[in-house]
Each structure stands twice: as C-alpha cells, then as structure tokens.
Amino acid sequence: MTVVYVTVVGVSTREARAVFVTPCVTRVIEKDISRKYIDRRNRVLETRTVAALQPAENIDTIRVIDRVNAMNAHNKHMIDVIIDGKMLQMEIDSGAPCGIVSVNTLRKIKPRFALEKTNRQFVSYTGHQILCISCIPVKVTIGHTTRELNLFVVKGPFDALFGREWISHFVHKIDFKKLFSAPETVHMISTAVPSLTQGQKAQLDQLLAKYKDIFSSTAGTLTGPPISLHLKPDEHPIPKTEHIFSQLKGAKFFCHLDITDAYSHLVLNEESSHVLTLNTPTHGIIRPVRAVYGSSSIPAIWQRKIETVLQGLENVKNFFDDMVLYAENFESLLKMLDLVLQRLREHGLHLNRDKCVFATSAIKFLGHKVDSQGIHKSDKHVQAIRNAPKPSTPEELQLFLGKATYYSFFIPDLSTRNCPLRNMLLVKPYKWTPTAEKAYDNIKNVLVSPQVLMPYDPTRSLLLATDASKTGLGAVLSHRLDNGQERPIAYASRTMSATEQRYPQINKEALVEAGQDLARSGYKAPEANYRLGSNCLVLEHRVVIPPAFRETILKELHTAHLGIVKIKGLARSFVFWPGIDSDIEGEAKTCSECAKNAHKPPKYRRHHWEYPKSPTELQSPSYQTMVRSLQPWSSNHFFEEAVLNSTSS
C-alpha cells in the first residue's frame, strides 16, 4: 500500500493528522471544523511527505467512500451486519466516524423509513461535499449482540461503511485478526485444456488397434527364467514420486498405462513355489505358481524387471504396475507409445484397457494430477477432504494427519501448523480445543486450495527460503522464472526436539539452514546419515565424493598398489560413496601389478633391531637381558647391565 501523508493547508503541524491513501480511493472528512481550516474557494488539501505530530481534534478521516463496486471485493474488509432484521454487508473502516449508507442501499433493507434532520455533513479530502440527508436510529446486530445506533444516510452511489462509533460497540464480536491478516499464498494456474483433433484421434485409434492383443483382463507371462525368493528382502531401490515428477517438466501430452494383475506375470521356481504354500480353511492347501501379493521381495523384483523391459526408452517411467509416458507434442508421444507397446508385447505383458489413459493433457498419477503447468493434488482426494466431517476419534484425526503428511510438499510449515493436533493425540480423554480447531481449519483450507507445484528443472536457478518457529523448522525450494516470478518446487518442515526448542532464535535459524532430516524424507542408510559440513556433504568423518570425482579418487587410492584390504582401510579414513568397496575391489582385481604380487608378498630374512621406545621396554621374551641398545640410558648411571633369571623379573 502506498503511504502518503496528508495535511490541511492552514492547520498547524501540531494539529495536522497523517492519513493513509490508496489509489483511486475517495476520502471523506467530517465537516465539523472551523472555516479557517478549509476555504472552499481557493484552498484544498495538498499531499506532503511530512509526518504529523498530533491529530487534529475536530477532523475525522473516513478510509473510503467508494462508488459501489469501484474496488475489487478482495481489497475490502467486509462484515455481515443485521440492521432492523435485514442482512447488509458493510466495510469495516476504522477511519470512518460512524455508520454510513447511501439512500439507495437503505431502501433495499428498509423500504419505508422516516428521515430525521441532521446537521452533520461530510466532505472529501479534496473539498468536495458529500451530502448527508438524514440520520435514523436502527437496531444493529452482530452475532448475539444488539445495539441501537444512529445510521447516517448520504446521497450518491456509495458503499456502506461500518465506522468507529459502531466498532466500539462490537469490538469483542469482530475477528479483526481474520479480517486484516494477509491471505494464504496459493500458486494457482488456470489453463485451457487442449483436445485432440479428429485426425489425431484416428492416428491413436489405429495405433491401439495394432496392439489390441496386449489388452487383456488376465495377466500374461513375463519372459525370462522363473524368479527365486530369498529370506533376505531384495534391496532394489524404488523410485521416489518427486524424482518421477521432476522428469515430467515441459511435457504437454501424457499416457498412463496400467499392467493387468502385475505380479501375476512373474513365474515362481519350484523352491519358491513351496515357500509360498498357503493352508486355507475353504480351499485347503494352495501352492501358487505365480508371484502373489504379500511377499516382501516381490515388489523390488517386479520393479527391477519392468525397468529392464523399458531400458533404453526415453520419456517413460514406471512405479510398480503404473507407467507414465510424456512428450512435448502429440507426434512425439505417439512414437513413444508405439515403442513401449512393442516392448511390452515382446516381453509378454498385458495391459488393463479400462485403466489406461492415452494422449491427454493431464493425468492422475500416484495420488496427484500432473499437467503442463505442474503438479496438483488429486481432485478426488481434495473433494474427500472438503466433504469430510471433523474427526471425532483419535483414529480419524490420525487419518487426517496422514493425508496432510502425504501432501506435505504442498503445505508451508506443516510441522508448525499441525502441532496442536499432534498434541491432542497425547492427551486423554480426546477433546477438541479452540487452538486445535483453528489448526484443523487452517490445514484443511490449504489442502483444498488449488496449489500448484513446479517440477524441478536443473537449467533454472534455485531459491531456498528457510524459517524457524517456536516448535518447527520450515523451508521452501523455488524456481525463479524468466519474468521474475517465483514458483515453488516443494515445501519442507520438521518438528524440533525438546532440546532444539530451547535454542536461541539465531541457533534455530542456523539449524534449519543445516538441512532436513533425510531419514524423515524416506532415505535409508547410509544416505540417511548424510550431513552438511563446511559446504560439503559428509558421512560421519568422511567426505561424500560426487560421481564426477570418484574415478580420480579411486586412482589416487590405488597408486601405491597396497592391496584391497589396505586401500579399503585408507578410503574409510577419508572418503565415501555408495559402492566404494566394490569399486576398490574391481580396480585392484583388474590391475596387472596387483595381480602379479597378490600371492607373493615379499619375505625378509633379516630385520634390524628396533630401538626401544622406553628404557624399560623388553623387546622379546627370548632375551633375558636388557638390550645393549640402552647404552645411552645407562651412561646416565640410572641403569646397569644385569642378567635376568626370568622374563617376569
């Protein structure tokens, strides 16, 4: 808001009053002041950048007497008021001296009214008169409080004002913090949804008809040997949703493919089939020959198999049985779809046609909606949250908190917002408090808001903003666009421990800049133990080496041909990266010098007598005399050469 100080010409600085002025807003000053302050013929109010010391006693400033609908509603602070039993929306204005309405507005709520003469008049700050034609007593009701107050009627198409005299009677009924607080920032983008032309639809139908044999309601058989299950779960990494979404940047057309009964495509070997044998009360003993849901190793095995099937294909990602194809235009998408369907046919995979979506501008994927503008919350989930009643049990509250955590990337400072709700779960009996209800409404409003996140783009600059509250740490990672606008990539937050909450504020700010807890973000050891130190990524006392420098470091470690064991010991003192032990073994095994001397370590027949580290050190139990190398010590007459009867002497 632009701040301009307004002073009346002819009024002393002591009596002047500063006024806030916004563009296109007409001010009204109550005309109860002497004519020496305002000369209508040749004096006006002029703007000066001089702060007044004290306000004039007889000057009242009305924040706004606008023409009806002259400003957007979101620039005003409106309140619902009942006047003589009729609802009227009025603008809260602490600068207005009283309640003011136009005569046309009054006729809408009181078709019949008696005008009472009044001497009170109003003028604008430019000296123009606002004609006050009447003052009538009315009953004003807000909530359960009713007061009899005077309502001043002015001539002209002006909005209704709820001024200071009225505010003073309802000061405890008006939520000023809610009215005047800054609105929640929501990054919303609306776009027109493109539709396929008739020619594009014909090309798509022709392609799908070519591969109609892979669409089936029953599972196929994935090519390759039968799978083998082990007691130790498979550790193949499962892709994270944020990593998949970051690959979708710039895409405008999408396909979503769903594999029919995914795990049933995997054939089990004989031993694994016996391991998964089930004893059922209705069908007796069942021994499956295909993979079934419930085995801890099967999801990772399936993910590895599908990644192998799709290997070498661009612009396609899978998450278990869901696959997403993306491209910048329809022609590129059609070519990619042709290659993917051909690859699925070759490996015996079947698709569920009813769950597949082809050549669309937006898809539902992993609980989110993705389009060319970014990542949105799922419309279905938003609708369920909007229609859900307030949780009445601890279990329902935990379900709500779980949904909020799932969409934590969309919610700024979630750990601070949900703190009252988490505290509710620790108290018995389960009871809602005003603070908890406020927190619940706050989180719910953010969850149902049309927030949009931008996929990460490595070609754009990054902005990281951090903050710390009394109980939590928060951060937002954003991209700055070419037009200067900032688009959020993700929000992050965590709750501080009891010890961290006692830190000074400056230490809390430093704590949030040190980075988020990787274990809370889903990372496993050792990545979960990474920390930031001296602008380097470290694991305990070891520096984590980026891929670009690993080969150089590996050659430096292997320069002296120390052997696998000693090289590993040296590396564990200084550096780390995932798979470093395997890399060291591979480097040593492919080295001709190391292979030449691997089983022929040099043997020494003679060894010099090492000088003792202290006067009383006995080098070997086979010697029963103090060694003559102590001669320098004995020259000081502290020791004498002697013959020992035993090594324990």
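**Close-up views of a predicted model**

View 1. Strand β19 (residues 362–365) shows a covered face made by Ile 363 and Phe 365, while its uncovered face carries Ala 362 and Lys 364. In a regular strand the side chains alternate between the two faces of the sheet. Strands here are DSSP runs of E with at least two residues, and helices are runs of H or I with at least four residues, both numbered from the N terminus. β19 runs antiparallel to β20 (residues 368–371), and four bridges join them; two strands pair if DSSP finds at least two bridges between them. Val 370 in β20 is the bridge partner of Ile 363. The hairpin of β19 and β20 has two residues between the strands, and Leu 366 in this hairpin takes a positive phi near 55°.

The model is predicted, so local features need pLDDT of at least 70 and side-chain atom pairs count only at pLDDT 80 or more, whereas totals for chains, interfaces and linings use all residues. Residues are numbered from 1 along each chain as its sequence is written, and side-chain values use heavy atoms, with hydrogens and water left out.

**View 2. Two loop residues with positive phi.** Most residues other than glycine have a negative phi, and most peptide bonds are trans. Asp 84, in the loop between β5 (78–83) and β6 (86–92), has a positive phi of about 50°, and Asp 84 is partly exposed at 31% relative accessible area. Glu 540, in the loop between β27 (536–539) and β28 (542–544), has a phi near 60° and is exposed at 68% relative accessibility. Buried means under 20% relative accessible area, exposed over 50%, and partly exposed in between, using a 1.4 Å probe and protein chains only.
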